[in-house]
Amino acid sequence: MVATPIKPKYEIKDINLAPKGKQRIDWAGREMPVLRQIQERFAKEKPFAGIRIAACCHVTTETAHLAIALKAGGADAVLIASNPLSTQDDVAACLVADYGIPVYAIKGEDNATYSRHVQTALDHKPNIIIDDGSDVVATLIKERQHQISDLIGTTEETTTGIVRLLAMLKDGVLTFPAMNVNDADTKHFFDNRYGTGQSTLDGIIRATNVLLAGKVAVVAGYGWCGKGVAMRARGLGSNVIVTEIDPVRAIEAAMDGFRVMPMAEAATHGDLFITVTGNKHVIRPEHFEVMKDGAMVCNSGHFDIEIDLKSLGAKATDVKEVRNFTQKYTLPSGKSIVVLGEGRLINLAAAEGHPSAVMDMSFANQALACEYLVINKGKLAPGIYNIPKELDQDIASLKLKAMGISIDTLTPEQEEYINSWTVGT
């Protein structure tokens, strides 16, 4: 009789990287006081006792603190990468070696490995899915309908993932509750704007070491992420152009002092192009054709589809890696286009992702969203739910306290006034 092979408890690059990962995780924790307080409460109350959680996230020092908090709360959790280039291998090693959390993530893993890890997450038979782009949820719905009965719900913290969940809801296939962590005020106001703004430019600078002052930077999309990128690029001296499809956002960008124009026109001006739309083929062959020689393109949206790299690769006569995460595509005309981070999230491919101070709030939302699903198990109809206002406010209050900032409170007279319709002019 042939024995059934036992699946490994983890799949990472090198377990010996754990000591370095522990140092970096501890460093990130210095600026994550909100999540630390939640972890301490979880450790006492054990809200996730008996709950299986599969988390598909960028495996970074900040994510490590979320995973540790969930385990402290009694969760049986596994962690996989949400992007092939976003894993920090030393962090993955530390979570396995020091915290006993199964991790399936390797920086640079191919698509087949990534897909296998998604299946591994679902093999865990999760009661809660923490998703980053909705790949695990989509796979569950398409391939593992029989497991949906095990699911309490899912949480999602990316714009891309929420767009996919809305499409699932419209098609009638989202048959369980999903928490919209992305749209919590303490997430998108800070993570998307300040986190993406800083980390995107950090990734670009690490990959290229170019001076951004004096460059024409084209930012595709003026949502919260685009606002942050445009603001930070201008702060470093770039001349920023914004492209948009939403007329309201286009007006906002113009009134914020940026030039606004279609990509077809912007393509002739830009030295650096940054996509943050969450959509497909925002930069296409007709744009590459009119770009300057040496123009740099990169993406800070979740998936690597915002730049049509397949078309660019098919047209190129030569593709050469000129620096880490920096590839030069030479076109038949002799002109070159420089692609950063293989078109994947530049802030995680070439840098370390968002600073821990903003991820403190984002992952506090994730942790509390999971707890909310458990508390309300069986009470929530299928659909997409925003983080309750009181949880958002609690996270903001904890953050202010950690920052040493005090704010005013309403007087009884003010409370009465704003809750009354009888007092006017």
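**Walking through the model**

Author: Glu342 is partly exposed, with 41% relative accessible area. Partly exposed sits between buried, under 20%, and exposed, over 50% (1.4 Å probe, protein chains only).

Reader: Where is Glu342 found?

Author: In the loop between strand 14 (336–340) and helix 14 (346–349). Its phi is positive, about 55 degrees, although Glu342 is not a glycine. Helices (H or I, at least four residues) and strands (E, at least two) are DSSP runs, numbered from the N terminus.

Reader: What should I know about the source?

Author: This is a predicted model: local features need pLDDT of at least 70, side-chain atom pairs count only at pLDDT 80 or more, and totals for chains, interfaces and linings use all residues. Residues are numbered from 1 along each chain as its sequence is written, and side-chain values use heavy atoms, with hydrogens and water left out.

Reader: Back to phi. What about Asn209?

Author: Phi of Asn209 is near 55 degrees, again positive in a residue other than glycine. Asn209 lies in the loop between helix 8 (185–208) and strand 7 (216–220).

Reader: Is Asn209 buried or exposed?

Author: Exposed, because its relative accessibility is 61%.

Reader: Zoom out. How many helices and strands?

Author: The protein has 17 helices and 15 strands.

Reader: What is the radius of gyration?

Author: 22 Å, which agrees with the value near 22 Å for a compact globule of 425 residues. That rule is 2.2 Å times the number of residues to the power 0.38, and the radius is taken over C-alpha atoms. Along the principal axes, the C-alpha atoms fill a box of roughly 90 × 65 × 45 Å.

Reader: And what share is buried?

Author: 54% of the 425 residues.

Reader: Which residues touch the most other members of the largest nonpolar core?

Author: Phe48, Ile53, Leu95, Val103, Ile128 and Ile130, out of 54 residues in that core. Helix 15 (residues 356–375) gives the largest share, 11 residues. A second, separate core has 24 residues, including Val229 and Ala350. A nonpolar core here is a set of buried Ala, Val, Leu, Ile, Met, Phe, Trp, Tyr and Cys residues joined through side-chain atoms within 4.5 Å.

Reader: Why group them like that?

Author: In soluble globular proteins, nonpolar side chains tend to be buried together.

Reader: What does Ile130 touch?

Author: Leaving out residues up to four places away in sequence, its contacts include Ile53, Leu66, Leu70, Gln366 and Cys370. Contact means heavy atoms within 4.5 Å.

Reader: New topic. Where is Pro126?

Author: Pro126 is in the loop between helix 5 and strand 4. Pro126 is buried, at 3% relative accessible area. Beyond four places in sequence, Pro126 touches Arg52, Ile53, Ala54, Ala121, Gln147, Asp150 and Leu151.

Reader: And Asn127, buried or exposed?

Author: Buried, at 10% relative accessibility. Asn127 is found in the loop between helix 5 (111–123) and strand 4 (128–131).

Reader: Last one. Where is Lys377?

Author: In the loop between helix 15 and strand 15 (383–386). Lys377 counts as exposed, at 56% relative accessibility. Its C-alpha atom is separated by 50 Å from that of Glu286, 91 residues apart along the chain.
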